[in-house]
Amino acid sequence: MKKRSWYFTCGMGLTAFMLLYIVVGFFWTPCDPTALSSADKLAAPSAAHIFGCDHLGRDVFSRTLAGAGTTLVIALAVVAVGFVFGLIIGALCGYYGGVLDSVVMRLCDAITAFPSILLAMVVIAITGAGTYNVIAALGVLFIPSFARLTRGEFIKYRERDFVKAAKLAHVSDLRILFVHILPNTWPVLLSGLTIGFNNAVLSEASMSFLGIGVGPSEASLGRMLSEGQSVLLSAPWCTFFPALVIILLVLGVGLLGEAARERIG
């Protein structure tokens, strides 16, 4: 119980702090995240620029606020796409089984056999970089993991007595799927959502780091890390602060997921 409480308390506190930090960035930044200043190039952290400035004189604090917001929106959208389609596919495969299950799961195996970032890079190379293309590419690649997770839960519950009773009462399959079985799977699915969210954050940051993520005009934590690596020794704040934002966000959500897994266990 103490371990569960520690995971949940720390995870909730850290996640709430990071969400507050990101939400503030949607409405206010001390400076224009894209404003250039030759006089402030690689300026160290100070009262005027608490996180310092990058190689173009842009305020790092303002860029981490804006970049964290971009990462959060993309991660949530990616998880939403992957989860909704994965839930539907996994529920149908787990409940009905048979040929549908075999064909769809082999397709999922084929997709998951390749690194998601590599496949996303191929898709972006064809469709071009941009926020919506990143969401579409990563969202599709996240479907198999959610489908497999949901399928396993529906297989576990499809032969339970309450499902058999619903069938005897001539309840529709749609109602059995999403009213009788689905609520019982939420603890496991919520744990999977935290893992999916963290993977989406890291995937978006990785793609932006490689230059195939969001457009160059948008602030991005991954792009900040990429730009800061050339001045890592002379201006470490250019990479330290965006990396810290990513770490704290992933850590907070990860602790909540660990608390959910401990509760399931």
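**Leu 221**

I started with Leu 221, which is buried at 2% relative accessibility (buried means under 20% relative accessible area, exposed over 50%, partly exposed in between, with a 1.4 Å probe and protein chains only). This is a predicted model, where local features need pLDDT of at least 70, side-chain atom pairs count only at pLDDT 80 or more, and totals for chains, interfaces and linings use all residues. Residues are numbered from 1 along each chain as its sequence is written, and side-chain values use heavy atoms, with hydrogens and water left out.

Leu 221 sits in helix α8 (helices are DSSP runs of H or I with at least four residues, strands are runs of E with at least two, and both are numbered from the N terminus). I listed its contacts, meaning heavy atoms within 4.5 Å. Beyond its neighbours within four places in sequence, Leu 221 is in contact with Thr 64, Gly 67, Ala 68, Thr 71, Pro 242, Val 245 and Ile 246. I also checked Ala 66: its C-alpha is 8.7 Å from that of Leu 221, though the two are 155 residues apart in sequence.

**Cavity**

On a 1 Å grid over the protein atoms alone, a cavity is a set of points where a 1.4 Å probe fits but cannot get out; a pocket is an open set with protein on both sides within 12 Å along at least five of seven lines; lining residues have an atom within 4 Å of a point. Points are joined across faces, edges and corners, and a volume is the space filled by probe spheres set on them.

The largest cavity comes to about 70 Å³. Its lining is Asp 54, His 55, Val 60, Arg 63, Met 224, Glu 227, Gly 228, Val 231 and Cys 238. Two elements give two or more residues to it, α2 (60-96) and α8 (221-228), and α8 gives the most, with three. By class I get four nonpolar, two polar and three charged residues (Ala, Val, Leu, Ile, Met, Phe, Trp, Tyr, Cys and Pro count as nonpolar, Asp, Glu, Lys and Arg as charged, the others, Gly among them, as polar).

**Second largest pocket**

I put this one at about 260 Å³. It has 14 lining residues, with Leu 141, Phe 142, Ser 145, Phe 146 and Asn 199 nearest its centre. Helices α3 (98-112), α4 (116-127), α5 and α7 (173-209) each give two or more residues; α5 has the largest share, five. No charged residue turned up here: the lining divides into eight nonpolar and six polar.

**Glu 153**

I then went to Glu 153, also in helix α5 (residues 131-157). Glu 153 is buried, at 9% relative accessible area. Not counting residues up to four places away in sequence, it touches Thr 185 and Val 188.

**Rings**

My search of the whole structure gave nine aromatic pairs (rings of Phe, Tyr and Trp, the last by its six-membered ring, with centres within 6.5 Å; planes under 30 degrees apart are stacked, over 60 edge-to-face, the rest tilted). Tyr 95 and Tyr 96 have ring centres 5.0 Å apart and planes at 85 degrees, so they pair edge-to-face. Tyr 95 is buried at 8%, while Tyr 96 is partly exposed at 43%. Ring pairs also link Tyr 21, Phe 51, Phe 61, Phe 240 and Phe 241 into a cluster.

**Whole chain**

Last, I noted nine helices and zero strands. Of the 265 residues, 44% count as buried.
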